[in-house]
Structures are given as structure tokens and as C-alpha cells.
Amino acid sequence: MAVLAPPVAAIRVAVRRALTGLPSEGPVLVACSGGADSLALAAATVFVAPRLGRGTVLVSVDHGLQSGSAERAEAVAAWAREAGFTAASVARVEVAGRPGGPEAAARDARYEALAEAARQHDAVAVLTGHTRDDQAETVLLALARGAGPRGLAGMPARRELDGVPLLRPLLEIGRDETRAACAVLGLNPWQDPHNTDPSYARSRVRADLLPALVRALGPGVVDNLARTARLVAADNAALDELAGTALTAARHPDGGLSAPALLALTPAVRGRVLHAWARELGAQPGALSHRHVGALDALVTAWHGQGPTDLPGGVRVLRRADRLAPVAVG
């Protein structure tokens, strides 16, 4: 009896764990660029999912940012059909003209395409190939930005993508394991030149910063950074639960929030309450920063009759006596 190679076994176990507990009917959709991480994920999913009685769909997103990208995406879809996927297709997206930097624009376009594909196939989950190394890079980038606990929590293993669970089964799997799994399975992953392009911050972290940390602090630094994300995420979940209760309790009978009730909260909980309330009012989540929340907090903790605070998305908040309330703009 052939012995299953450890990297292949580890990835299959991770995928099986991620698929456990999903609704009983409907396929799962794998996002695959053809790189080692997503290719190893796809190979594991097409092995595991049918044994759980579940169909598999693969989508390769063509961002159109590199010469030959369309051909590569078609080659990935062709491989998937031969590998046994129920369906495989290419989703072409337009990145130019989107807000934010090129990385953010490409990511937003990709997730929109995956959400649409999930709807078309009635998929019960979307799987992506983010690894432990990706998580470590995310934590370092968050540290550099001063992103706070939400940034340090990194990428969640599960979140909602337009009503469909987005799963990241490989967050505890190393990039070296996905490459080894591809080699064992005879798969030839594509090497994305963007991953080594120094014009991208993540590429610089991947090529320079993280290897330097490994040399200085030892190979355990990658796992330690990823573990930090898991620990912070657990703390965030607890604080978010407290903040949800506090937000309900702080609502003023005349609308808005009670300033005395907010003042009684600890700063960590109060900040989360104000952040959640700002989003509730319509402030744009991607543009809502710690500076905006700090300005709201000043209406509670350092109010001396100052005027309204403007939030992204055309939202304005003013303190009136003992409460914070939204006011019309214009």
C-alpha cells in the first residue's frame, strides 16, 4: 500500500476540516490561479469533496494585467476538467479604474467575480489558497500600517462573501508544503511575476522582510506571526460581542447614542461601539479609519461645544447635549 506524502495528507485533512459543517447540498467553488498554493488546494478539494458527496467547481480569474494571462487561466480550467471538477471556467475582470491601489483593485475585482460565480453555481462555499506564510505577511503589513487589533488579526479562516462563506483552509499550512504537494502530485505551478515585483508592498515583505526575520529570529517566526493573528482574532471576537451589547444599551431614546453611556465604557469597547455605529449610519467601511473613530470619541470624552464630525460616505455626527446624533449634510 502506497504511503501518502505528508504534505498531500496535511492539505487534504485541512480541506476536509474546512468542508465539515457546510450545508448538505451544493458544490464548493475553488479559486485557482495556477500557483502552487491554489493548485495544491484544488487538487485536495477535488479529492476530498466528492468523498463527502459534494460537487466541485473551479474558477480561474483573469485580471488581464499580464501578457498571456488569458491563456494561463484557460490552461488552469482545462486542467481542472481533466482532474475531475464538476465544472471549470475562467472569469475575466476589469481592474483599471477601480478605487485604491492596484493590489486592492485586483482583489476587489477577484472577489466580485468569485461571488458571482458562486451564485451561478449555487455554491455553498468559496475556497481560496491563502497559506500560513500569507497570514504572516498580512500581519507584518498591518504592523507597518499601524492597523491595530483588526489588522493584526489577519485573514479569518472564514468570512462572508456576499452571503456565501469564504473559506481559507490552508492558513495553517506552509507555502513549502503546497510546493511539495504539487511536486509529489506531478503538478507544474505557475510562478506569478507579481509575487517578486518590488513595486508591490507584499512582494517586498515576501522577498526581503520575512526572510530577514527568519534569519534573525529563526524559522518559527512565520508560525508565530500566524499564531498571533489567531490569538488577536479570538480577542477581537470577544470585544466585538461586548461592543454589540454596549451599542444596544447606549442607544438614546431620542435617537443616536447616549454620551454618558458611552463615557462609562472602557476605551477599547467604546471605540468598537463608535466604529460599528458609524458603519450603521452609512460610513464607508474601507475608508473609515481610526482618525474618524477618534473624532467621534472626542465628542464623548473631550466635548467642549465643538462642531460636527464628518465621516466618509457623506455622514456627519454632532453632539447635542447628552447624545451623539447624525445630522443632514448640505
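Reply: Happy to. Keep in mind that this is a predicted model. We can begin with Thr138: leaving out residues up to four places away in sequence, Thr138 touches Gly154, Met155 and Arg202.

Me: What makes those count as touching?

Reply: The cut-off is heavy atoms within 4.5 Å. Gly154, Met155 and Arg202 are listed as touching Thr138, so each has a heavy atom within 4.5 Å of one in Thr138.

Me: Where does Thr138 lie, and why is Thr138 called buried?

Reply: Thr138 is part of helix H5. Its relative accessible area is 13%; buried means under 20%, so Thr138 qualifies as buried. Along the chain Thr138 and Val205 are 67 residues apart, while their C-alpha atoms are separated by 9.2 Å.

Me: How do you know whether Ser24 is buried or exposed?

Reply: Exposed means over 50%, and Ser24 has a relative accessible area of 67%, so Ser24 is exposed. Ser24 sits in the loop between H1 and S1.

Me: Why is the pair Arg119 and Asp162 called a salt bridge?

Reply: The test asks for a side-chain nitrogen of Lys or Arg within 4 Å of a carboxyl oxygen of Asp or Glu. The closest N and O atoms of Arg119 and Asp162 are 2.2 Å apart, so the pair passes. Arg119 lies in helix H4 (residues 102-121) and Asp162 in the loop between strands S5 (158-161) and S6 (164-167), so the bridge ties together parts 43 residues apart in sequence. Arg119 is partly exposed at 41%, whereas Asp162 counts as exposed at 54% relative accessibility.

Me: What makes Glu137 and Arg206 a salt bridge, and where do the two residues lie?

Reply: Their closest N and O atoms are 3.0 Å apart, within the 4 Å limit, so this is a salt bridge too. The pair links distant parts of the chain, with Glu137 in helix H5 (residues 132-145) and Arg206 in helix H8 (residues 201-217), 69 residues apart. Glu137 counts as buried at 0% relative accessibility, while Arg206 is partly exposed at 21%. Both residues also belong to a network of salt bridges with Asp37, Asp134, Arg175 and Arg202.

Me: What makes a group of residues here a nonpolar core?

Reply: The members must be buried nonpolar residues joined through side-chain atoms within 4.5 Å. The largest such core has 38 residues, and those with the most contacts inside it include Ile11, Leu19, Val28, Leu58 and Leu127. Helix H1 (6-19), strand S1 (28-31) and helix H2 (36-51) are among the elements that give two or more residues to this core. H2 provides the largest share, 10 residues. Leu58 has contacts including Val30, Cys32, Ala42, Val76 and Trp79, leaving aside neighbours within four places in sequence.

Me: And what does the whole chain look like?

Reply: The chain has 12 helices and 10 strands, and its C-alpha atoms fill a box of roughly 75 × 50 × 40 Å along the principal axes. Of its 330 residues, 45% count as buried.

Methods. Residues numbered from 1 in each chain as written. Predicted model: local features only at pLDDT ≥ 70, side-chain atom pairs only at ≥ 80, totals over all residues. Heavy atoms only, no water. Helix = DSSP H or I, 4+ residues; strand = E, 2+ residues; numbered from the N terminus. Buried < 20%, exposed > 50% of the residue type's maximum accessible area, 1.4 Å probe, protein only.
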